[in-house]
Amino acid sequence: MSGWWSRFKRKCAALYRLTARGHRPPSYAARGWAIGMFYGCAMPFGAQLVFSVPTAFLLKADKIGAVLGTLITNHFTIFIIYPFQCWVGAKLLGIDLSYAQIAEAMKKVVAEQTFSSLASIGGRLVSAFFAGGIMFAAIMTPITYFVVAFLVTRYRRIRDKIAATRKSN
């Protein structure tokens, strides 16, 4: 278990450095990650990159961050996130669907990962999926933006402080 955890921490640190190292303003990286998070929450798995990368080009944002931000939904998390997202969306729209009904319908969608399988589960559930997704996107997008901007600024401040210390020695 500790080997897995060590590798995970190293990968996170490498990702952090990759995002923070550039010479563009922190808002550039933050915009990219926020775009990815938005589409990661609001769009079905598979369509996220189709929208996030062009949006990153249009908004002059970090394309790598736009791709990585979509990874909030991945092969491991969609089994938890999608049913919960649909349940929340159903509650928002006043649709009478139980969590068990949603989870059963979502098994097919998650297994096939196609738009036809999403459409086959019915309009009520598709509506609930997008309503819940938009709500989560509205919450997570600004949080992602500000957290990434903070982390990039912090990394650069520490890096500059270390560089100044080395110069003075």
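Which residues is Thr70 in contact with, leaving aside its neighbours within four places in sequence? Point 6 returns to this residue.

1. **The model.** This is a predicted model, in which local features need pLDDT of at least 70, side-chain atom pairs count only at pLDDT 80 or more, and totals for chains, interfaces and linings use all residues. Residues are numbered from 1 along each chain as its sequence is written, and side-chain values use heavy atoms, with hydrogens and water left out.

2. **Overall layout.** The protein chain has eight helices and zero strands. Read along the sequence, its pattern is α-α-α-α-α-α-α-α. Helices (H or I, at least four residues) and strands (E, at least two) are DSSP runs, numbered from the N terminus. Along the principal axes, the C-alpha atoms fill a box of roughly 70 × 40 × 25 Å. The chain has 169 residues, and 37% of them are buried. Buried means under 20% relative accessible area, exposed means over 50%, and partly exposed lies in between (1.4 Å probe, protein chains only). Take the contacts between residues at least 6 apart in sequence: 71% of them join residues at least 24 apart. Contact means heavy atoms within 4.5 Å.

3. **H2 against H8.** Two packed helices are described by the angle between their axes and the distance between the axes. Helix H2 covers residues 26–42 and helix H8 covers residues 123–168; they pack at about 160 degrees, with axes 7 Å apart. H2 is therefore roughly antiparallel to H8. Axes are lines fitted to C-alpha atoms, for helices over the stretch in contact, and angles run from 0 to 180 degrees between N-to-C directions. Angles under 35 degrees count as roughly parallel, over 145 as roughly antiparallel, 65 to 115 as roughly perpendicular, and the rest as oblique. The residues of this contact of H2 with H8 divide into 19 nonpolar, five polar and two charged. Here Ala, Val, Leu, Ile, Met, Phe, Trp, Tyr, Cys and Pro count as nonpolar, Asp, Glu, Lys and Arg as charged, and the others, Gly among them, as polar.

4. **H2 against H3.** Helix H3 spans residues 48–58. The axes of H2 and H3 come within 9 Å and cross at roughly 155 degrees. That makes H2 roughly antiparallel to H3. From H2, Ile35, Gly36, Tyr39 and Gly40 take part; they meet Gln48, Phe51, Ser52, Thr55 and Ala56 in H3. The contact of H2 with H3 divides into four nonpolar, five polar and no charged residues.

5. **H5 against H8.** What is the angle between H5 and H8? The two pack at about 95 degrees, with their axes 6 Å apart. H5 is therefore roughly perpendicular to H8. Residues in the contact include Tyr82, Phe84 and Cys86 of H5, and Leu125, Phe129 and Met135 of H8. The contact of H5 with H8 divides into 13 nonpolar, five polar and no charged residues.

6. **Thr70, a buried loop residue.** Thr70 is found in the loop between helix H4 (63–69) and H5. Its relative accessibility is 4%, so Thr70 counts as buried. Leaving aside neighbours within four places in sequence, Thr70 is in contact with Gly36, Met37, Gly40, Gln48, Leu49 and Ser52.

7. **The nonpolar cores.** A nonpolar core is a set of buried Ala, Val, Leu, Ile, Met, Phe, Trp, Tyr and Cys residues joined through side-chain atoms within 4.5 Å. The largest has 14 residues, and those with the most contacts inside it are Cys86, Leu97, Ile102, Met106, Ile121 and Leu125. Helix H5 (78–93), helix H6 (99–112) and H8 are the elements that give two or more residues to this core. Beyond its neighbours within four places in sequence, Leu97 is in contact with Trp87, Ala90, Ile102, Arg124 and Leu125.

8. **Two exposed residues.** Lys60 sits in the loop between H3 and H4. At 61% relative accessibility, Lys60 counts as exposed. Most residues other than glycine have a negative phi. Lys60 is not a glycine, yet has a positive phi of about 50 degrees. Leu92 is found in helix H5, and at 51% relative accessibility Leu92 counts as exposed. Leu92 touches Ala131 and Met135, not counting residues up to four places away in sequence. The C-alpha atoms of Leu92 and Ala128 are separated by 7.9 Å, although these residues are 36 apart along the chain.
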